[in-house]
2 protein chains.
Amino acid sequence: MEEIIAKKWIRQREFQGMPCLEDFELVNETLSESLKDGEILIEAEWLSVDPFMRGNLFNSPDSPIMPGSQVASVKRSKHQDYPVGTKVVAYVGWRDRTICNPDTFPQPVFFHKLPDFKGLSDSYALGALGLPGNTALFGIEKVLKVKQGGILLVNSAGGAVGSIACQIGLLKGCEVIAFTGSQEKTSWLKQALNVKLAFNYNSDDIGETLTEHAPNGIDYYFDNVGGDFSYKVLKHMKPHGKVALCGAISTYNQSSSEKTEPLLIPFDYWTFIYNHVIMEGFRASEYESEWLDGITTLRDLILDGKILPNETIAKGFEAMPEAFINIFKGGNIGKQIVKV
Amino acid sequence: MEEIIAKKWIRQREFQGMPCLEDFELVNETLSESLKDGEILIEAEWLSVDPFMRGNLFNSPDSPIMPGSQVASVKRSKHQDYPVGTKVVAYVGWRDRTICNPDTFPQPVFFHKLPDFKGLSDSYALGALGLPGNTALFGIEKVLKVKQGGILLVNSAGGAVGSIACQIGLLKGCEVIAFTGSQEKTSWLKQALNVKLAFNYNSDDIGETLTEHAPNGIDYYFDNVGGDFSYKVLKHMKPHGKVALCGAISTYNQSSSEKTEPLLIPFDYWTFIYNHVIMEGFRASEYESEWLDGITTLRDLILDGKILPNETIAKGFEAMPEAFINIFKGGNIGKQIVKV
């Protein structure tokens, strides 16, 4: 029997500020040659890198492997529901080969068969038809509960979640104000996604932009950024305006560890209280029972040409750290993904 | 016609950190000798000092008079609805005599006739039967919407709002966990208000206390304090736990002016997102149409012996700055008030 060698990326030290290549190490792992009942051997085809992976919450010293999902193909199987050749989406971390038992995952957020994408790329399972897509959909529908005619602000709008959130907002009849970090992404939002009110926070003053384009304030704020950006936005929230707190990418690289010192952010208590702002944190994975329905909804919107997914693809398993770092540099348009 | 001299307390410079006596100046103002149609002359009998008065929001350079409400008696009148002798509650600031036109106030939050208190002290109009009481009531009923059996955390629980919030929480069938800043107040909460789980944040570790007494987490958090206190509490919120953000007294004395630099607070994005925390800012004054109903509800609860109001009374209009500073030192039990 041949020996099965898996490659995996581990975080070899705690992140300090912006992740860098030296934080990562590619190591080999010899997998068991024989599967137990219920187990499958999968090989990654597409892997996801996402901002949340920076969080220490997901990087305990006990588990140095970088976390995340992949689209993989079953190569050996001792599970009758997953014969060889089955495509799955599995949250097994940055690994090229993995032995796992599908029944041990909290289903379906962390493990599911690739649904019928009707010809769309399998890789979308990690983007518009996966966690980022459902995050955008559930954030808009279940958290913000947007109504037609409302003003929706989306930041990190050129990214995997933000670009889908903008498009769903438009479909719901909202006026969408999008912020992103480069002229290139701003142009893409305007031209490809039809988000007319797209701005570059590196050159457009956030406060002045909102005073001009949302003089009566913002109803809904889909926040991927947090920190100083949100401090500025808060002053423009309408009374009873709602914030869906999805992420805080502006802060992820600020502190080395939540354990040693808390992150400090600017916060405007007066406005929050005076304007009766409502802020709600959420994770798409809470909505487990609706996970596959969300994907089907998004798939059909893409097939109907109502949502345009976009990917930035890095080549090779070896490129994972670079691809990950690229997100924090704002180098991606749409979903940053790695093709093995 | 005699000359009418009013005394008023003005803030003679911007607060820097904790307010001190030198920040205030007592000045005389000569009032018009003749009232215009619709005007009344009122004389303060009881005056309120509240933490929110520290805020620069309410202290613009254009209006250096300290803001706030008083119970006053009509001394002269050119308004048929307010004959001489009428008792009113008026948001006219730290003044002993005032000429005003009742019809120019946003009613009834900022001006109303003293309701029939059925023998209870007029001064309650500034505490349990006024802004603090309605803040507690509306915060619990309209923002937190507490349910029987839920775990409610109240901080600044020895103060005007917190002490009423604890009691309403108990009446609603919640398990109430109260934090205050002294052993004296903790004992008072236990003995007088029957809040069995009362703790002193100066001697009891917040995290350890919550781990022990709310091992499954907190459902409802009535927050008067903000800042570091809330950072610690947040880690103990149940999934979908709700925060009613009422005030942030821990931060009021930290920055001299929101205009020059934003206040920094510790904030735990991961927990907020992961536990789907919902935070809602509110002011009691939003619920204008229910203002007097709230007061009636609270009055009847007091008359039935179900809510015990408490006051710390300073004597004399001259004592207002001291009484105000006393709040920030935690010197009051229940509502801090000034009797002219």
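Predicted model: local features only at pLDDT ≥ 70, side-chain atom pairs only at ≥ 80, totals over all residues.
Across the interface of chain A and chain B, 18 residue pairs are found in polar contact, with both residues of each pair at pLDDT 80 or more. On the side of chain A that touches chain B, two or more residues each are contributed by helix 5 (227-234), strand 12 (237-245), strand 13 (264-266), helix 6 (269-274) and strand 14 (278-281) of chain A. Helix 6 of chain A provides the largest share of this side, namely five residues. By residue class, the side of chain A that touches chain B consists of 25 nonpolar, eight polar and six charged residues.

In terms of extent, the interface brings 39 residues of chain A into contact with 39 residues of chain B. The area buried between the two chains amounts to about 3,500 Å², and 67% of this area is given by carbon and sulfur atoms. Of the area that chain A buries against chain B, 23% is supplied by A:Tyr269, A:Trp270 and A:Ile273, more than by any other three residues.

Within chain B, the packing of two helices was examined. The axes of helix 1 (residues 131-144) of chain B and helix 7 (residues 291-303) of chain B come within 9 Å and cross at roughly 90 degrees. Because crossing angles of 65 to 115 degrees count as roughly perpendicular, helix 1 of chain B and helix 7 of chain B are therefore assigned to that class. Helix 1 of chain B contributes B:Leu131, B:Gly133, B:Asn134, B:Leu137 and B:Phe138 to the contact, whereas helix 7 of chain B contributes B:Trp291, B:Gly294, B:Ile295, B:Thr297 and B:Leu298. Six nonpolar and four polar residues make up the contact between helix 1 and helix 7 of chain B, and no charged residue takes part.

Most residues other than glycine have a negative phi.

Conventions. Residues numbered from 1 in each chain as written. Chains lettered and ligands numbered in written order. Heavy atoms only, no water. Axes fitted to C-alpha atoms, helices over the stretch in contact; angles between N-to-C directions. Helix = DSSP H or I, 4+ residues; strand = E, 2+ residues; numbered from the N terminus. Parallel < 35°, antiparallel > 145°, perpendicular 65-115°, else oblique. Contact = heavy atoms within 4.5 Å. Nonpolar A, V, L, I, M, F, W, Y, C, P; charged D, E, K, R; others polar. Buried area = accessible area lost by both parts, 1.4 Å probe. Polar contact = N/O pair within 3.5 Å; in protein donor to acceptor, adjacent residues only side chain to side chain.
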